[in-house]
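Please look over the sequence and the model shown below before reading on. The paragraphs that follow move from the strands to the rings, and then to the pocket and the loops.

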Amino acid sequence: MGENIIRKAEKKDAARMLELLVQVNHVHAMGRPDLFIDGKTKYTESALGDVFDDPNRITFVCERDGLLIGYCMCQIEVHDGSAEVARKELYIDDLCVDEIIRKTGAGKALYNYVKDYARKNGYYRLTLHVWECNPNARAFYDAMGMKPYMTAMEEVL
């Protein structure tokens, strides 16, 4: 098995990322069919290109043996100090490794790369949301050292 190579995403990565986004949506659709439509993604190829061009977003991809096997989409969040302590944070909007290669270290490498990037660029913390219907993702983030800081609650009517 080859080395993980992590770099910023480029528009040429959009088609492969869409394939991985379908995998992410599938997990969510299996756990919450009331909210997610299986086989869909939250982006089009064009919309992904816009994400890559957005100065408030950073997307990284992980390649192994010349194949794109994962990605991490991040958003820059700035707190101006008006009601909270001034700081900038890096929010992980989406992190995915191809289901056929999970548990081979690619996700850990990608997460650690993003964490190092955030640390080197003066971010206060990394944040993300993890769906309760995705226990594998929760276990992964727990293993990476993340801790809950807020709980989202719902009552489906």
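Which residue of strand 5 does Leu90 stand opposite? Leu90 stands opposite Leu126 in strand 5, where strands, like helices, are DSSP runs numbered from the N terminus (at least two residues of type E for a strand, at least four of type H or I for a helix). This is a predicted model, in which local features need pLDDT of at least 70 and side-chain atom pairs count only at pLDDT 80 or more, while totals for chains, interfaces and linings use all residues. Residues are numbered from 1 along each chain as its sequence is written, and side-chain values use heavy atoms, with hydrogens and water left out.

Strand 4 (residues 87–97) and strand 5 (residues 126–128) pair in the parallel sense over 3 bridges, two strands being paired if DSSP finds at least two bridges between them. The chain passes from strand 4 through helix 3 (residues 106–120) to strand 5, and this β-α-β crossover is right-handed, a term that applies if, with the strands pointing away from the viewer, the path from the first strand over the helix to the second runs clockwise. Strand 4 also pairs with strand 3 (residues 67–79), in the antiparallel sense and over 10 bridges, and here His79 stands opposite Arg87.

The aromatic side chains come next. The structure holds 7 aromatic pairs, counted where ring centres of Phe, Tyr or Trp (its six-membered ring) lie within 6.5 Å, with planes under 30 degrees apart called stacked, over 60 edge-to-face and the rest tilted. The rings of Phe60 and Tyr113 have centres 5.3 Å apart and planes at 70°, so this pair is edge-to-face; it links Phe60 in strand 2 (residues 57–64) with Tyr113 in helix 3, 53 residues apart. Phe60 is buried at 1% relative accessibility, whereas Tyr113, at 35%, is partly exposed. Ring pairs join Phe60, Tyr113, Tyr117 and Tyr123 into a cluster. The charged end of Lys88 sits over the ring of Tyr123, 4.4 Å from its centre, which requires NZ of Lys or CZ of Arg to be within 6 Å of the ring centre and within 35 degrees of the ring normal.

The largest pocket holds about 910 Å³ of space and is lined by 34 residues, of which Leu95, Cys96, Asn134, Ala137 and Tyr141 lie nearest its centre. On a 1 Å grid over the protein atoms alone, a pocket is an open set of points with protein on both sides within 12 Å along at least five of seven lines, where a 1.4 Å probe fits, and lining residues have an atom within 4 Å of a point. The largest share of this lining, 7 residues, comes from strand 4.

Two loop residues remain. Most residues other than glycine have a negative phi. Asp65, in the loop between strand 2 and strand 3, has a positive phi of about 55° although it is not a glycine, and at 60% relative accessibility Asp65 counts as exposed. Lys103, in the loop between strand 4 and helix 3, likewise has a positive phi, of about 70°, and is exposed with a relative accessible area of 82%.

Methods
Buried means under 20% relative accessible area, exposed over 50%, partly exposed in between (1.4 Å probe, protein chains only). Grid points are joined across faces, edges and corners, and a volume is the space filled by probe spheres set on the points.
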